[in-house]
Amino acid sequence: MSASEQPPTPQDSVAAELSRWMADLPGVDPGTEAARQRIGRMSRLFERLLTQVATEHELTAGDWAALSALRRSGPPYQAAPSTLSHQLGITSGTMSVRLARLTQAGLIESVAAADGRSKPVRLTRRGRDRWRAATRQRTAREHDLFADALSPADIEELNALLGRLLGRLEDEFGQASRHDVPKDA
């Protein structure tokens, strides 16, 4: 399909509001403001997608984040609760509630601690299977969303541009969290 045959691009919510904002923000660069607004809104929409997929797999987004942290730990897919709460940026109390819920669902289990101070948890087979199914569904939906809106060349260009911007932001502020940290408990 040629560019002239492409369906018209729907106006997004930022484009619909930008001229009104700019009237109230003298001196603000409209292009920068529009890009920042779009990135923020897309982040929130990707979080919404993650929450929907989690729900379809009988998880909260926070549960999925904990399972993902355990999965990223590599075989035998276990970690101390304190390590998990630090990685996820949540309190030990929130982590305890989350781990109790995952244990009750049969997705994780406690294991004997080598040092006796902390009792690590690890993914069960059921937990690995649930994580894998949810992750497979999430990545497929994300792929479809990108493929419906952008060509492979567009995606390559988008990644190059976002990479440059992220690099500049990291130069200024340091690295952000490597993984999404959902807001739910």
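Predicted model: local features only at pLDDT ≥ 70, side-chain atom pairs only at ≥ 80, totals over all residues.
Residues are numbered from 1 along each chain as its sequence is written, and side-chain values use heavy atoms, with hydrogens and water left out.

The protein chain contains seven helices and three strands, taken as DSSP runs (helices H or I, at least four residues; strands E, at least two) and numbered from the N terminus. Along the sequence these elements follow the pattern α-α-α-β-α-α-β-β-α-α. Helix α7 (residues 152-173), with 22 residues, reaches 31 Å from its first C-alpha to its last, close to the expected 32 Å, and is followed by G174, whose phi is positive, near 85 degrees.

Buried residues (under 20% relative accessible area, with exposed over 50% and partly exposed in between; 1.4 Å probe, protein chains only) make up 28% of the 185 residues in the protein chain. In α6 the buried residues are G127, R128, R130, W131, A134, T135, R138 and E142, and their cover includes α2 (30-56), α3 (61-72) and β3 (121-123).

A nonpolar core is a set of buried Ala, Val, Leu, Ile, Met, Phe, Trp, Tyr and Cys residues joined through side-chain atoms within 4.5 Å. The largest such core has 26 residues, of which L59, W64, L67, L84 and I108 touch the most other members. Two or more residues each are given to this core by α2, α3, α4 (81-88), α5 (92-104), β3 and α6, and the largest share, seven residues, comes from α3. Leaving aside residues up to four places away in sequence, L84 touches A66, A69, L70, A79, M95, L99 and V121, where contact means heavy atoms within 4.5 Å.

The structure holds one aromatic pair, formed by F46 and F146, which is stacked at 5.9 Å centre to centre with 20 degrees between the planes. Rings of Phe, Tyr and Trp (its six-membered ring) pair if their centres lie within 6.5 Å, and planes under 30 degrees apart count as stacked, over 60 as edge-to-face and the rest as tilted. The pair links F46 in helix α2 with F146 in helix α6, 100 residues apart.

Conventions
Expected span 1.5 Å × (residues − 1).
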